[in-house]
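Let's take a walk through this structure together, starting with its charged side chains and ending with a sheet. Have the sequence and the 3D view open side by side.

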Amino acid sequence: QVQLVETGGGLVQAGGSLSLSCAASGLTFSSYTMGWFRQAPGKEREFVAAINWSGGQTHYADSVKGRFTISRDNAKNTMYLHMNSLKPEDTAVYYCAADWGQRIGINAYEYEFWGKGTQVTVSS
């Protein structure tokens, strides 16, 4: 049974930093492209960042480029999202997702497995 568990969410002031982790089990982690998505109240789920199986290729949404960094540790079956210079508009539930294969996708439908999400709230 595949499980993706996000941790690290919380409340932070604007301009602050927060790091999220996604621990994976039940799959061959290194065979999957991993992604972060987020969903704010009343809005659709949107792509944040993704990383290929080796960590050698990443892709970011324009809204977070230069502020967020995605990484992974295949030995620990874990993916990370380091978020700096947070803004109130970054407030959302953040989800990690897994997509079998090497291609980086930016659409939610491309990802087979999902975590339950972790809340990130940025106060102004």
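The paragraphs below look at salt bridges and then at strand pairing.

This is a predicted model, in which local features need pLDDT of at least 70 and side-chain atom pairs count only at pLDDT 80 or more, while totals for chains, interfaces and linings use all residues. Residues are numbered from 1 along each chain as its sequence is written, and side-chain values use heavy atoms, with hydrogens and water left out.

Side chains of opposite charge can pair when their charged atoms come close. A search of the whole structure finds 5 salt bridges (a salt bridge being a side-chain nitrogen of Lys or Arg within 4 Å of a carboxyl oxygen of Asp or Glu). Strands here are DSSP runs of E with at least two residues, numbered from the N terminus.

D90 also meets R67 in a salt bridge, at 2.8 Å from N to O. R67 lies in the loop between strand 6 (58-60) and strand 7 (68-73), so its pairing with D90 ties together parts that are 23 residues apart in sequence.

Are these residues buried or exposed? D90 is buried, with a relative accessible area of 0%, and R38 counts as buried at 5%. R67 is buried as well. (Buried means under 20% relative accessible area, exposed over 50%, and partly exposed in between, with a 1.4 Å probe and protein chains only.)

Another salt bridge joins R103 and E110, at 2.3 Å from N to O. Here R103 is exposed, with a relative accessible area of 55%, whereas E110 is buried at 13%. As for shared partners, salt bridges join R38, E46, R67 and D90 into one network.

Four strands form an open sheet in the order 1-3-8-7, with antiparallel pairing; two strands pair if DSSP finds at least two bridges between them. Strand 1 (3-7) and strand 7 stand at the edges with a single partner strand each, so one side of each has no neighbour in the sheet. Within the sheet, strand 3 (residues 18-25) and strand 8 run antiparallel and are joined by 6 bridges. C22, for instance, has M79 in strand 8 as its bridge partner.
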